[in-house]
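The following briefing concerns a single protein structure. Please view the sequence and the model together while reading.

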Amino acid sequence: MGRSLIASSCVIFLLQVQVAAQPRPLSAALPRDIAAGKRIFHAQCAWCHGTEGSGGSGPNLQRAALRRAKNDSELVRIVRSGIPGTEMANLEISLTDRMAWQAAAYVRSLGRTTARPTTGDPARGATVYEKTGCASCHAVAGGGGGLGPDLSEIGALRGPVHLRQSLTEPAAAHPPGYLVARATAKDGKELRGILVNEDVFWILLRDPAGTVHTLEKTDGLVITREPEATLMPSYASRLTAGELDDLVAYLATLRGER
């Protein structure tokens, strides 16, 4: 009888520990928790996600449903541990469990904020996209070129501010994985393009037409990497302000949804 009582007590204790380990639902956050989370967000997250989560190099968070955080525990985990393979950094050194929970509670509160609509017209923006030949370099839903980044989900990954900057100052918003390099042969001939791959003996460059060139690294070949350069032209003067608004509005609708 004594053993049975001890076993029951152990089970009850373990259940209590398990319940205690479960974080409170974010909906239970008090105003002071939201305020603390806002301060944490502005210090750690606003650089990418924009003031009040309006979007920047990171996605707009002023939405009820977040694709990578379908529940509270996923959101808290992402806030603290980041997303491997993306620009979402691991902040475990900077944030305690409580701080991550408060920041997540603030992010969740942004979903109850009315997002500021883009000023352009997406339908007209789709026409601008086709007119300017964007599809020759970028793919959307499987159609288009491969010289530049795939834009099928760009509206879910980037905010309107960042999208506009990418159009008007493409070198300032340089996407990772699209390093520009120049290969100059001994006879002076040059090839400039996106660095596709490189090892000790060979380098592969994709030229602006999309052709991949395999070049052997010889003593006569000079490779110059241009980390701040881009093959994408600026549309600051090529498009009117209204056309830029429309194009940004169109790109913001691209969220990979079928």
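Is Tyr 129 buried or exposed? Tyr 129 counts as buried because its relative accessibility is 3%, where buried means under 20% relative accessible area, exposed over 50% and partly exposed in between (1.4 Å probe, protein chains only). The model is predicted: local features need pLDDT of at least 70, side-chain atom pairs count only at pLDDT 80 or more, and totals for chains, interfaces and linings use all residues. Residues are numbered from 1 along each chain as its sequence is written, and side-chain values use heavy atoms, with hydrogens and water left out.

**Overall composition**

- The protein has 9 helices and 7 strands, taken as DSSP runs numbered from the N terminus (helices H or I, at least four residues; strands E, at least two).
- Of its 258 residues, 34% count as buried.
- Among contacts (heavy atoms within 4.5 Å) between residues at least 6 apart in sequence, 59% join residues at least 24 apart.
- The accessible surface, from the Shrake-Rupley method with a 1.4 Å probe, comes to about 15400 Å², and 57% of this belongs to carbon and sulfur atoms.

**Aromatic pairs**

- The structure holds 2 aromatic pairs, defined for rings of Phe, Tyr and Trp (its six-membered ring) with centres within 6.5 Å; planes under 30 degrees apart count as stacked, over 60 as edge-to-face and the rest as tilted.
- One of them joins Tyr 129 and Tyr 250, and is tilted because the planes stand at 55°, with the ring centres 5.4 Å apart.
- Tyr 129 belongs to helix α6 (residues 122-131) and Tyr 250 to helix α9, so the pair ties together parts that are 121 residues apart in sequence.
- Tyr 250 is also buried, at a relative accessible area of 14%.

**Helix α8**

- In helix α8 (residues 160-168), the buried residues are His 162, Leu 163, Ser 166, Leu 167 and Thr 168.
- The cover over these residues includes α7 (154-157) and α9 (241-252).

**Strands β5 and β6**

- Strands β5 (residues 202-206) and β6 (residues 212-216) pair in the antiparallel sense over 5 bridges; pairing requires that DSSP find at least two bridges between two strands.
- The two strands form a hairpin with 5 residues between them, and Gly 210 in the turn has a positive phi of about 95°.
- Trp 202, in strand β5, stands opposite Glu 216 in β6.
- Trp 202 counts as partly exposed, at 37% relative accessibility.

**Loop between β1 and β2**

- Ala 141 lies in the loop between β1 (139-140) and β2 (143-144).
- Its phi is near 55°, a positive value in a residue other than glycine.
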